[in-house]
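Student: I have a new structure open and would like to learn how to read it. Could you walk me through some of its features?

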Amino acid sequence: MTQETLLQTLRAEFGAAVTGPDPAAPRRLLLDVERARLPEIARRLIALGARYQVGVGSDDRARGLGFGLIHLFAFDKSGFTTAIRTSAPAETPEFPSITPDIPVAGWTEREYRDLLGFRFPGHPKPKKLILADDWPDGIYPLRKEVPYNLVPPAAEDVAYQLDEAPPGTTMVPVGPFHSSLHEPAHFAVYVDGETIKGCDYRGFMTHRGIEKLCQTQVSYNEIPFVAERICGICGSVHATAYAQSVEEAAGLAVPRRAEFIRVLMLELERIHSHLLWLGVAGHLIGFDTVFMHAWRVREPVMWLSERITGNRKTYGMVVLGGVRRDISPETAEDIRSVLKKVEAEVLGLKAAILKDSLIHKRTKGVGHMPKAEAERWSLVGPVARARSIDIDARRDHPYAAYNELSFDVPTADSCDVWGTVLVRLLEVFESVKIMRQVLDKMPAGPILAAPQEALPAFRHGLSMVEAPRGESVHYVITGEENRPERWRVRAPTYTNLQGVPRMLLDNQFADFPIIVGSIDPCYSCTDRAVVVERGTGRERVWDRAELTTLSRAGGK
Amino acid sequence: MLAKLAKKAFPKSLWVYHCNSGACNGCDIEILNVLTPYYDVERFGIKLVGSPRHADAMLLSGAVTRPTLPLVKRAFEAMPAPKLVFGIGSCAVGGGCWFDTYNVSGGGATALPMDYYIPGCPPRPEAILFGVALALGLVDQKAAPVELKQVEFPLDASLRTQAWQDRNAIYKWLKD
């Protein structure tokens, strides 16, 4: 399918309810749809093979356009994306909910319920997601009239509004501070004996208001550095994704050499992130040898990053129109020698892991989620590829220099945690391969485009970057005053975490850390929320007191 | 003074609890990194523990966000006295670049009595090791006090700059 055939199909089926495409979004299909028919059109897009990405809500009242909501869909096989936009009048910001059909839209809608005060009739779980439970109603931080630093007075001891435990189960709280979670997040796990029967999540505790901050305080060229600090692991991913979306919206051309250097940084980040995850996974199943080994192998990569960019994590490489530092021939040699060493070490690590029966026993069949379910929940990244969903933004929607590079996309069909281990291990070798090609093929030339006077306002840009955890989506609407009107960040954990309750279902409670860990959760990226599987239908076997006694006896 | 107290209070091993109050993972990973073979913090008897009830010191990373503010306080209360608090990274020191946004209460000092700050974005593992070792009195402070001298009256300097610029402008006009 192409963009034209899709447009024709939609026009034929929905007639005047679909208008556009809007020329404000160069190279993308941005369609305006009638508000009442939104769920119908979204359903049709999914039936045509689209994957739901995320929604972008915006406050356009200053321009007399009321509130806007854009839903993004990707057609991975055909390599294009579609955005459908609806708007609602300022007095009644009401949009029909698409969550009953597309469960993964649940968080998006709850997010805008909190931040923009939208209402979604028909949403199955209209609860707070982003803002704290003591945040007063009626203050919506993303609305234009609310200053970025407005802090309403806090109230102490406000309980989380969790779902009721399904009958016959007991709630085990995990978090907000828990040794298996490296970031604050609260999981209420409903167990029947040792078996998990459901889970509710209250997270978004590291929500720092970055989108609002960047839409009101800083300028285009400063945002890449703030974007880098969204996440301490995939900093380059966010900076590159932001820069690419602004470049697309404004039509800025980036020098080819800069694009190759961006790829180099992205792949370097993937290697260190996957080794980091491998170590953490080993730690979560109580196998600290893997942790120590993986992080020992990873350390030379960090030193290399420091030699290339001057810092171990926050690289400060990407700016609009290119990158800030060049790769000299000496640095290229240095990269090659480190790659050689890391590749040899990871080969050893891989052989050890593939033969280790303990890791097999702790990961095989754990966190099982069939392919159909994974597609329904729009999983991305290694979590999806471990469930034989063959998607990778680097190949399906090539950006930067990926169209010139050849690499494989490893997949697994075991649909469990073991598959994610395998996929990530194999991806390290692919990254090494890509980096070698980058060093060979990198053309000479400038690394930064000439600066522009001013970027055009109210143009739309979308960028997808394959982060180590999956696809990161950035959506930018350019604005006046040298800063974006709207900047939406969707990290891969945002979608993957919504599928976690399904992965946990019917697993042992002892496997909870590794199942949550298997998506490589990054709450600081996500900081956004949840779904619960309810109702076990099973009869209650033990009462609470007995369970307590049993669990205590087991703990001794 | 604090270093002496710490040396007395924690003569042998120090068990630390890592508390993420809203960090971006950068500092958290560097904290985990000091446990790994290249840095190996355990040779100083320092161990990372999973519960604040077992800990002597807290490593706080990240700006304290609105939802975590009461939680951080409760984790601190759960620690047995005497206790130390380290702020790791720019966000824990002063709140970072989002110190005043709607969901952030500020740096670590808004929630807890901080004892030591280890700045950096993120601080290197060596810096974390050095900071903790300094607190325990294992190493000496490297910074020396800076003596400030009155150099030149600033007005004088600005007048001279002005005069130089005027002269330069004349040469430029002559050239044109």
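Student: Let me start with strand pairing. In which sense do strand E7 (residues 186-192) of chain A and E8(A) pair, and over how many bridges?

Tutor: Strands of a sheet pair through backbone hydrogen bonds, either parallel or antiparallel. Here E7(A) and E8(A) pair in the antiparallel sense, over seven bridges. One position to look at is Tyr190(A), which stands opposite Gly198(A) in E8(A). Two strands pair if DSSP finds at least two bridges between them, and the strands themselves (E, at least two residues) are, like helices (H or I, at least four), DSSP runs numbered from the N terminus.

Student: Before we go on, what kind of model is this, and how are its parts numbered?

Tutor: This is a predicted model, in which local features need pLDDT of at least 70, side-chain atom pairs count only at pLDDT 80 or more, and totals for chains, interfaces and linings use all residues. Residues are numbered from 1 along each chain as its sequence is written, while chains are lettered from A and ligands numbered from 1 in the order in which they are written. The model scores ipTM 0.84 and pTM 0.88. For chain B, the mean pLDDT (the predictor's confidence in each residue, from 0 to 100) is 84, and 89% of the residues reach 70 or more.

Student: Back to the sheet. What is the strand order of the open sheet of three strands in chain A?

Tutor: The order is E6-E7-E8, with antiparallel pairing. Strand E6 (170-174) and strand E8 (195-202) of chain A stand at the edges with a single partner strand each, so each has one side without a neighbour in the sheet. From one strand to the next, the twist averages 25 degrees; the axes behind such angles are lines fitted to C-alpha atoms, for helices over the stretch in contact, and angles run from 0 to 180 degrees between N-to-C directions.

Student: Why is strand E11 (residues 460-467) of chain A largely enclosed?

Tutor: A residue counts as buried if 20 or more other C-beta atoms lie within 10 Å of its own, exposed if 12 or fewer, and partly exposed in between, with C-beta atoms placed from the backbone. Eight of the eight residues of E11(A) are buried, so the strand is largely enclosed by the rest of the structure. In a regular strand the side chains alternate between the two faces of the sheet. Both faces of E11(A) are covered, with His460(A) among the buried residues on one side and Gly461(A) among those on the other.

Student: Which strand does E11(A) pair with?

Tutor: E11(A) pairs with strand E12 (residues 470-477) of chain A, antiparallel, over eight bridges. The two form a hairpin with two residues between them, and Gly461(A) stands opposite Val476(A) in E12(A).

Student: How would I read a loop residue, say Gly316(A): where is it found?

Tutor: Look between helix H8 (288-309) and strand E9 (318-319) of chain A; Gly316(A) is in that loop. Gly316(A) is partly exposed because 18 other C-beta atoms lie within 10 Å. Two residues are in contact if their C-beta atoms, placed from the backbone, lie within 7 Å. Leaving aside neighbours within four places in sequence, the contacts of Gly316(A) include Phe225(A) and Arg324(A).

Student: What secondary structure does chain B have?

Tutor: Chain B has six helices and seven strands. Of its 176 residues, 46% are buried. Strand E1 (residues 14-20) of chain B runs parallel to E3(B), joined by five bridges, with His18(B) and Leu59(B) as bridge partners. E3(B) also pairs with strand E5 (residues 84-88) of chain B, in the parallel sense over five bridges, and there Leu60(B) has Gly87(B) as its bridge partner.

Student: And how many residues does each chain give to the contact between chains A and B?

Tutor: Chain A gives 38 residues and chain B gives 35. On the chain A side, H8(A) gives the most, with four residues.
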